Amino acid sequence: MPTNLPNERSLRPAGSMELDPAAEGVAMDETPRLIASDKVEGTPAYAKDGTHLGTIDNFMVDKVSGQVAYAVLSFGGFLGLGESHHPVPWRALRYDVRLGGYVLDIDRDTLVGAPSHGPGEDAFADPAYGGRIDDHYGRPRRVAA
């Protein structure tokens with residue numbers, strides 16, 4: 001049964017979204033409510049006071065629920081040396097249009113003391129890693145499937 005859902009508008013402010021040239025006005029990377037994962041990666045992250053902390057390296061999606069569980073924040077170091085990755089609960093982020101990035105609702109001391117890993121390490125291969133993150137931020141542990 002066909003649907004009569006409206007298409008995305010083809011007219012847009014410059015830089016707000018690209019349109020798929022092969023489709024009829026379907027957004028490829030951003031709409032007013034949705035954003036493609038590759039546009040989140042590399043987005044700046046800020047403390048509540050507006051201080052730049054780092055960037056979103058990637059995010060982790062719960063395979064069962066489909067919800068984003070963590071954003072992995074990359075900060076510190078120079079040219080990748082000394083850099084650390086800190087997974088933070090996705091719900092602790094909010095996007096700030098003025099800053100063009102995500103603001104963390106976590107103080108810097110809590111972030112620095114959180115479980116972290118180095119670049120190229122697959123910390124989530126350890127099933128207990130997510131639990132340590134949840135414990136640190138005071139979230140209840142998820143039941144393993």
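User: Is lysine 48 buried or exposed, and what is its relative accessible area?

Analyst: The classes are set by relative accessible area: buried means under 20%, exposed over 50%, and partly exposed in between, with a 1.4 Å probe and protein chains only. Lysine 48 has a relative accessible area of 57% and is therefore exposed. Please note that this is a predicted model, in which local features need pLDDT of at least 70 and side-chain atom pairs count only at pLDDT 80 or more, while totals for chains, interfaces and linings use all residues. Residues are numbered from 1 along each chain as its sequence is written, and side-chain values use heavy atoms, with hydrogens and water left out.

User: Which strands pair with β6, and in which sense?

Analyst: Two strands pair if DSSP finds at least two bridges between them. Strand β1 (residues 44–46) runs parallel to strand β6 (residues 101–104), and two bridges join them; here tyrosine 102 in β6 is the bridge partner of alanine 45. Strand β5 (residues 93–96) pairs with β6 in the antiparallel sense over four bridges, and leucine 93 stands opposite leucine 104 in β6.

User: In the hairpin of β5 and β6, how many residues lie between the strands, and which residue takes a positive phi?

Analyst: Four residues lie between the two strands, and glycine 100 takes a positive phi near 70°.

User: What counts as a salt bridge, and which residue forms one with lysine 48?

Analyst: A salt bridge is a side-chain nitrogen of Lys or Arg within 4 Å of a carboxyl oxygen of Asp or Glu. The structure holds four of them. The partner of lysine 48 is aspartate 105, with the closest N and O atoms 3.3 Å apart. This pair links distant parts of the chain, 57 residues apart: aspartate 105 lies in the loop between β6 and α2 (108–112), and lysine 48 in the loop between β1 and β2 (52–61). Aspartate 105 is also exposed, at 55% relative accessibility.

User: Which side chain meets aspartate 96 in a salt bridge, and is aspartate 96 buried or exposed?

Analyst: Arginine 94 meets aspartate 96 at 3.8 Å, N to O. Aspartate 96 is buried, with a relative accessible area of 9%, whereas arginine 94 is partly exposed at 48%. Another salt bridge joins aspartate 126 and arginine 132 at 3.3 Å, N to O; their relative accessibilities are 34% for aspartate 126 and 38% for arginine 132. Salt bridges that share partners also join Arg94, Asp96 and Arg98 into one network.

User: How are aromatic pairs classified, and how many does a search of the whole structure find?

Analyst: Rings of Phe, Tyr and Trp (its six-membered ring) pair if their centres lie within 6.5 Å; planes under 30 degrees apart count as stacked, over 60 as edge-to-face and the rest as tilted. The search finds five pairs. The rings of tryptophan 90 and tyrosine 102 have centres 5.7 Å apart and planes at 55°, so this pair is tilted. Tryptophan 90 lies in the loop between β4 and β5 and tyrosine 102 in strand β6, 12 residues apart. Tryptophan 90 is partly exposed at 25%, while tyrosine 102 is buried at 8%. Tyrosine 95 and tyrosine 102 have ring centres 5.1 Å apart and planes at 75°, so they form an edge-to-face pair. Ring pairs link Phe59, Trp90, Tyr95 and Tyr102 into a cluster.

User: Where does serine 84 lie, and which residues is it in contact with beyond its neighbours within four places in sequence?

Analyst: Contact means heavy atoms within 4.5 Å. Serine 84 lies in strand β4 (residues 84–89) and, those neighbours aside, is in contact with Leu73, Ser74, Phe75 and His117. Serine 84 is buried, with a relative accessible area of 19%.
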